[in-house]
Amino acid sequence: MLTLFRRLIYSRLGAVIALSALVVIAIAFVIGDIGGLKLGGGAQGGPQAVIATIGDQTVTAADLRERIRSDVNNFRQQQPTLTEQQYVAAGGFDGTLNRTIGGIALEEFGKRIGLAAPKKLIDQQLAAIPGLQGVDGKFNNDVYKQLLQQRGLTDRQVRSDIARSIIIEQLQLPIQGATQVPAKLAEPYAALLLEERVGEVGFIPAKAIGAGAVPTADELKTYYQRNQARYRIPERRTFRVAVVSPESLKAAAAPTEAEIAAAYRAQAARFAARETRDLAQVVVSGQAQADALAAKVRGGTPIEAAAKAIGLEAAKLTGVDQTGYAAQTSVALAKAVFAVPQGGVAGPVKGPLGLTVVQVEKVARLPAKSEAAARATLSEELGKAKLAKALSDAQEQIGDAIDAKGTFGDIVAKRKLTVETVPPVTAAGIDPTNPDRRPNPQLRPVLDAGFKIDPSEGPQLVPLGADGSFAVMIVDRVLPPFTPPLAELRGVIARDFTIDRAQRGARSVAAKVVAQVNQGKPLAQALKETGLTLPPVQPLRAARAQLELLGARAPAPVTLAFAMAPKKAKLQAAPDGQGWLVVYLDKINRRDGSAPPQIVAARRGELGQTIGNEYLEQLVRAVRAQLKVKVNDAEVAKLRAELMGTTP
C-alpha cells in the first residue's frame, strides 16, 4: 500500500487517494502533506470543533481542512488553477470527508478484531522509503530527523500512521483475493466495446446570437444580485518571508586552505599511488568443479566460455582496487587476485559465496595525486559538506528560536536576513483584485504552508527545495472574503451579462432545433431554418472502445452519443461557454459474435477490480455502522460554507 507514497517521494505531491487507499498516511510528510494527520478531539467551535466521531477517535474541523487542502494540492498537479472553492463545489468536500472517516474506521475495526502492526514491519516500511535513505542506500536516521523537524511531525505520529496503513492492508487482502469473475460474465461486457455509434453534431455559437442591446442598470443590478457568489473573493493573506538558500551561505561555507590540507592528510590513502584491476570471476560450489574450471582457463579457454560450459556465468568487475575488492569478498581472495599478473588466473579460493576462480583481464596503475592536484576535488567536496552543515545549523538555530517564542523581526535581524513581503493572495497564489501581480514562484511552498496554519501561530519554517533552502515566514495580515460592490465591477458585470444573454439565446435556438429534429426534420435543415450563420453539421462516428480509451478526455458529444437512443437528438453545452451543441444519434452498429479473447480477458480484470471496490465500499459502510460513526452535520455545513466563502 505504501508503494504509491514511495514513488511520490520524488514528485513531492501525490495523486488523490483512491478508494483502495482510504487511509491517510503520515508518511506523506516527505511529499509536503503537513499536519493533515494530527487527528484528535477538541471543544466545539473553531478549528477544534468535532466533525466526526469514529470509535475512540475524532476528526476536527482543522483535521478536515488540512486534508482538503492536501487533496487540492494533489489535484493541482493535473489542474494548476484549481481552487478550494472549485474543489468543494465539485463534490470534493464529501469525498475527502468520507475517505478520512473510512480510513480511521477501518483502523479501529482492525484493532478490535485483533489485527496489529509489528514494530519490525513498521521499521521495514520506514526504511524502504527512498527519500529517507542515504547515499549508501540504507535508512539514514539524520535525514529522517531533519524531515520530521521540517514537517513539524514526530516519530510517534509517523509510526502510528504506518501502523494504520498496515492494519487496513490486512483487511483489504481477503477482498483483493475474491475479485475473480468467470469469462461468461465478462463476454457481454467485452462485446459492448465493439459497438459503434453513428450520428451528427450541430453547433449554435453564442456569438451567432449577437451582443444585443446595452444592458440597463436594473438588468445589471439583478444579474449581480443573482451571481454574487461568482464574484466573491476568497480569503487572502499577506506574508513576510526571509529565505535562507545555499547561495546566501556559500561564502561563509568556503573551505580554508588549512581545511583542504587537513582533508588531504586524512585521505592520504585515497590519493596515494594505487593499482586497479578489471576482473572476471566465477563462483563454484564444489572443489573438483572449481579446480577443473581454473585448469581450463589457465589452459587458454576464455573464462566466459569455460563458465558457460558448466551452466554458469562469469561476473565482470571493472576498476576495483585491492581494498575495495577485499571489502566485497575476503582478504584472502583479494590478496590472491592482486598477486597475479594481467591475464593470470587466481583460485580457486574460498570466498563469501563459495569457491571463486578469477581471471585478471586488465591492470591499471594510477600515480599518486599531489595536494595541488587534489585541491579542486577536495575544495568542492568540503564546500558541499560545509554548506549542507551550515544550512542544517541555520535551520536548527532558527527552529530553536521559534520554539523559544522568538519574534519574526528578532530572528531575521539576528541573522541579517532579507525580508520579502508577499502582497495579498488567495490560497491559489493569485489576487483577484490584481490578477497581473503574482508572487515569486519559489515561494509557492510558503503559500501552501501559510494557508494551513492559524494566523496567530507566529513564525514558521518552510522547506523550499531539494537544495536545502528554506524560508522563515509569518502571516502578516488576513483579509476576509468579500464581494466587491457593483460599482467596482460594473464593466465586468456588463460583459458577463451580455455573454450570459447570448448563451441563453443560443440555448433557446438549440432547444427548438432539438424539438424539430425529434419530430423527424433533418438536423441540417433545422439549423438552416434558424436564419443564423452557423457552422456546417459535423459527422459523429465512434466505437465504445475509443470512448473507454479516452475516458474523461473523450469529446462531450461522443460521451453523450453512448447514452442516447437512436433517431433522437439531445442538447449539450459547448465547452467554455461558447454556445450549444445539438447531438443527433442516427444508428447503433453492433457486431455479431464474441469479442476476441484478449478483450474478454481485459474485461474480466476490469470487472474484478470493480467488484473488489464494491466489496470494499460495503466493508467500510458495515464498519461505520458497527462503530456507530457520528457526523456533526452542523459543523460539516459550517466548514463547507467557510471553504466556499459564503460564511456571513
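Arg277 counts as buried, at 4% relative accessibility; buried means under 20% relative accessible area, exposed over 50%, and partly exposed in between (1.4 Å probe, protein chains only). This is a predicted model: local features need pLDDT of at least 70, side-chain atom pairs count only at pLDDT 80 or more, and totals for chains, interfaces and linings use all residues. Residues are numbered from 1 along each chain as its sequence is written, and side-chain values use heavy atoms, with hydrogens and water left out.

**Salt bridges**
- The whole structure holds 34 salt bridges, each a side-chain nitrogen of Lys or Arg within 4 Å of a carboxyl oxygen of Asp or Glu.
- Arg277 pairs with Glu275, their closest N and O atoms 2.8 Å apart.
- Glu275 is partly exposed, at 21%.
- Glu642 forms a salt bridge with Arg65, at 2.7 Å between the closest N and O atoms.
- Glu642 lies in helix H26 (residues 633-644) and Arg65 in helix H2 (residues 61-75), so this pair ties together parts 577 residues apart in sequence.
- Salt bridges also link Lys119, Asp123, Asp155 and Arg159 in a network.

**Sheet**
- Three strands form an open sheet in the order S2-S1-S15, with antiparallel pairing.
- Strands (E, at least two residues) and helices (H or I, at least four) are DSSP runs, numbered from the N terminus.
- Two strands pair if DSSP finds at least two bridges between them.
- Strands S2 (57-60) and S15 (630-631) stand at the edges, because each has a single partner strand.

**Ser245**
- Ser245 sits in the loop between strand S4 (236-244) and helix H11 (246-249).
- Ser245 is buried, with a relative accessible area of 18%.
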